Amino acid sequence: MTKILVVDDSNSIRDMVNFTLQSAGYDTEQACNGQDGLTKAQGSAFDLVISDVNMPIMDGITLCQELRKLPSFKFTPILMLTTESSGDMKLKGKAAGATGWLVKPFNPEKLLATIKRVIR
Amino acid sequence: MSIDLSQFIPSFLEESFEGLELMESSLLTLEAGDNETIHSIFRAAHSIKGGAGTFGFIKVTDFTHLVETLLDEMRDGRRKIVQSDVEILLDSVDCIRLLIETARDGEDCQDEKIANTSALLAETLGEKQPDIVTTSSVDNSQSNEVLNESSNLNQWGISFLPKHQLVQTGNDPLLLFNALADFGELIVQADTDELPPLTEMNSEELYLSWQLQLSSDCTEQDIIEVFEWVEDECELIITEKKEIDESRVVTEKIEPSADTKLSNPNINDSQTTNSVPETTPVVTQKTTANISTADKNNADKAPSKKADVGSIRVGVDKVDSLINLVGELVITQSMLSELGNDFDVSKVERLKSGLEQLLQNTKELQESVMRIRMLPISFAFNRFPRLIHDLSKKTGKSIELIIKGEQTELDKTVMEQIGDPLVHLVRNAADHGIESGEVRLANGKPEQGTITLNAYHQGGNIVIEINDDGGGINRQAVLNKAIEKGIVEPNASLSDSQVFDLLFEPGFSTAKEVSDISGRGVGMDVVKRNIQALGGRIQVDSEEGKGSTFKVHLPLTLAILDGQLVRVGSQVYIIPLISIVESLQVQKKSINRVSGDMILYRLREDNVPVLPVYQLFNLEAINKELINALLVVVEADGQKVGLMVDDLLAQQQVVIKSLKDNYQQVDGISGATILGDGSVAMILDIPGMINIALTQAKNAQKFLEQETA
């Protein structure tokens, strides 16, 4: 089963992403900030990581950099959740090794369509 | 597949309000250079914006966007933190709260404050930052359809030459091709020229490049979008082959949105204003325009009004302890049922200990469940820093707020209802209590006044203290006013506490003039009534020149009550333990019969009116004579009354059931409960009963007067 790690500090966004993914038959795990996400990533393998950028303790960009250092996450797709206001965030994300980005506001159909572009 | 996310609106709302509170309290303590605080404020605004967008709360999104932009500039040091900006941000917090509330209720917010604040925000942003909104919207590169005049299938030639590291960001060319294949027929040709000999090959790199042929009615923009994520990791050449061999070459180096504009000059006007503001000077107009056009969308999309059921966020530890206790309960139950299988007298001891255990389990379970409803009082206190900030700005007084005991826990319902009375008391303290700076200095006090909020537990109750170090209550002024209003007799001699209690009389206000801050209609009498409605009481201490303290005593919960069971005739009633002063056997020599039916009982230095419960409720009592009766002396509103009952039974905790919900309101009764034997018992409403007694006494007095006249 495809397993996805969802990292977001907002409970409601995380719940929504989670709900959307589970309704589409994906298995998910949640983390509430970058550090939490990294710890969960170290403990288990994932097919995809979806992470918010702005988070306390560890932001999404740092998480991405840290994940790429782990052998098991070298090629794992990582999608950053950004908003239109985080202008150069996409470039920063790319530089940190992100696969792509999802633009907020969160739209469930778009999320699922985007996921199809990164995992089989 | 359609996914309905409306079920997440309540949790978004809750989270947003928490975020707003955090923004507010952080803004109040914000100092220049405090980056972590700005970051957390920014994150809160950011989350609200993201969530609001998802649910179609467009007004919230637009407004928060401005706030976020301002915070963003503060965050990365482009803008210095100045007090005037902080004030705008504080106002913005109020606006966002208002917008969210109206969006939640499916209403349209017309408050002037929103337009004013957003104009102010835009102005602040405009004077400093020319390209704020532009940068943000451009790279969102709206997936505009680049015009594509013919519906004929186009032949697209795509050369895709990825860099060797492409796969290291998790991108997979095959998935990109799959996405292209969704547009139409795709022919893929791999170029293996760069493939090194096996010995030199790095397994983590990509050496292939591709030539693709796509026949589809899609636009160039669609294709570019497929390669959006890899645009800086590849060389991409897209050529269009039409029947007339007019080929157009676009490389990814050209900015997509610039391209869009060039190739599509007659793009819809409204779209332009909405998405790509061209120059700065229009920023102000743009925002207001945006908000007003959003009205319609908002009204369309906002969910219909839903009943606010409310929710509690509970710590996992509390739930875990509950589960533990239920586990123990199950063990006790199975033990008891096993015992009951073949019970004989030899097992009585075990049965007793089993029942003991059950009692223990039930008690712990009850406490645990109650704890779930308990929240730290900081939920009620956290609005006060902002209130004091605003008040000290308005009054020109410098006021410091000290909060103590904010972790003291209180029932959620009590907390929600005590908020407004507390605000009133704190406002009074700031407005009437604390003197102006000059007066304070002249009286040898520090210029800055102090208001202290303190909460603590005291014998099954919570006490909230509001203390100020201001001028205190002028006893004589209160007394004069009361005499003037005819509340007390001119020559009455009153104790200090009796004088201060006059403040809670309806229509009483000593403020020399009604100010903007306090003294507008809602008086202290309402405060007192609200506190009493929660089963609490308020008391005042004051020393002239030193300050005043208002003490609010509240029950920890409204769901369970410590009660004294009493019997009157065949009925069992419950008297709230908190209102009982003492219970005693009537002594003949202390009975004092005054005019008519009124009986006074001499209790040390007090004369307590006696209220026979059987008379009040029209019951057949065993004892109708005072001589043999038991008297339960209760107190409410500083008034003592002796309730005459037949018998005192047990003291126990009772679960309060509302009479109003199940039957109807009855005077003198505050609720009902179900006793251990399954029978229903009424809970006496002590202040209500005292009122009834006083009215009866007055009527009797009138009747007597008429008789004699």
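**Figure 1. The loop of chain B that holds B:R383.** In this predicted model, B:R383 sits in the loop between α14 (378-381) and α15 (384-395) of chain B. B:R383 has 16 C-beta neighbours inside 10 Å and therefore counts as partly exposed; a residue needs 20 or more to be buried and 12 or fewer to be exposed. B:V423 is 40 residues away from B:R383 along the chain, and the C-alpha atoms of the two are separated by 8.7 Å.

**Figure 2. Helices α12 and α13 of chain B.** Helix α12 (residues 316-341) and helix α13 (residues 348-373) of chain B pack with their axes 9 Å apart, at an angle of about 160°. Angles over 145 degrees count as roughly antiparallel, and α12(B) and α13(B) are therefore roughly antiparallel to each other. The crossing in which α12(B) passes α13(B) is left-handed. On the α12(B) side the contact includes B:L322, B:L325, B:L329, B:M335, B:L336 and B:L339, together with B:K318 and B:E328.

**Figure 3. Length and burial of α12(B).** The 26 residues of α12(B) should span 38 Å at 1.5 Å a residue, and the end C-alpha atoms of the helix are 38 Å apart, so the two values agree. What is the count of buried residues among the 26 residues of α12(B)? The count is one, and α12(B) is hardly covered.

**Figure 4. Helix α3 of chain B.** Helix α3 covers residues 58-75 of chain B; its 18 residues should span 26 Å at 1.5 Å a residue, and a separation of 25 Å between its end C-alpha atoms agrees with this. Of the 18 residues of α3(B), 16 are buried, so the helix is largely enclosed by the rest of the structure. B:G77 follows α3(B) and has a positive phi, near 80°.

**Figure 5. Helices α1 and α4 of chain B.** The axes of helix α1 (residues 9-29) and helix α4 (residues 83-104) of chain B cross at roughly 165° and come within 10 Å. α1(B) and α4(B) are therefore roughly antiparallel to each other. Their crossing is left-handed. α1(B) contributes B:L13, B:S16, B:L20, B:M23, B:E24 and B:L27 to the contact, while α4(B) contributes residues including B:V86, B:L89, B:L90, B:V93, B:I96 and B:I100, along with B:R97 and B:R104. The contact of α1(B) with α4(B) comprises ten nonpolar residues, one polar and three charged. An α-helix has 3.6 residues a turn, so residues three or four places apart point the same way.

**Figure 6. Helices α1 and α2 of chain B.** Helix α2 (residues 35-54) of chain B also packs with α1(B): the axes come within 9 Å and cross at roughly 155°. α1(B) and α2(B) are therefore roughly antiparallel to each other. α1(B) passes α2(B) in a left-handed crossing. The α1(B) residues in this contact include B:F12, B:E15, B:G19, B:L22 and B:S26, and they meet α2(B) residues including B:T37, B:I41, B:A44, B:A45 and B:I48. By class there are eight nonpolar residues, eight polar and one charged. B:S16, B:M23 and B:L27 of α1(B) are listed in the contact with α2(B) and in the contact with α4(B).

**Figure 7. The contact between chain A and chain B.** Contacts join 33 residues of chain A to 34 residues of chain B. In chain A, the elements that each supply at least two residues to this side are α1 (11-23), α4 (89-96), β5 (100-103) and α5 (108-118). Which of the elements of chain A gives the most to the side that touches chain B? α1(A) does, with seven residues. That side of chain A holds twelve nonpolar, 13 polar and eight charged residues.

Figure 8. Chain A has five helices and five strands, and from the N terminus on the elements run β-α-β-α-β-α-β-α-β-α. Chain B has 23 helices and 23 strands. Buried residues are 53% of the 120 residues in chain A and 29% of the 709 residues of chain B. Among contacts between residues at least 6 apart in sequence, 60% in chain A join residues at least 24 apart; for chain B, contacts with a separation of 6 or more are 69% between residues 24 or more positions apart.

Note on methods:
Residues are numbered from 1 along each chain as its sequence is written. Chains are lettered from A and ligands numbered from 1 in the order in which they are written. This is a predicted model: local features need pLDDT of at least 70, side-chain atom pairs count only at pLDDT 80 or more; totals for chains, interfaces and linings use all residues. Two residues are in contact if their C-beta atoms, placed from the backbone, lie within 7 Å. Helices (H or I, at least four residues) and strands (E, at least two) are DSSP runs, numbered from the N terminus. Ala, Val, Leu, Ile, Met, Phe, Trp, Tyr, Cys and Pro count as nonpolar, Asp, Glu, Lys and Arg as charged, and the others, Gly among them, as polar. The expected span of a helix is 1.5 Å times one less than its number of residues. Axes are lines fitted to C-alpha atoms, for helices over the stretch in contact, and angles run from 0 to 180 degrees between N-to-C directions. Angles under 35 degrees count as roughly parallel, over 145 as roughly antiparallel, 65 to 115 as roughly perpendicular and the rest as oblique. A crossing is left-handed if the near helix is turned anticlockwise from the far one by less than a right angle, and right-handed if clockwise.
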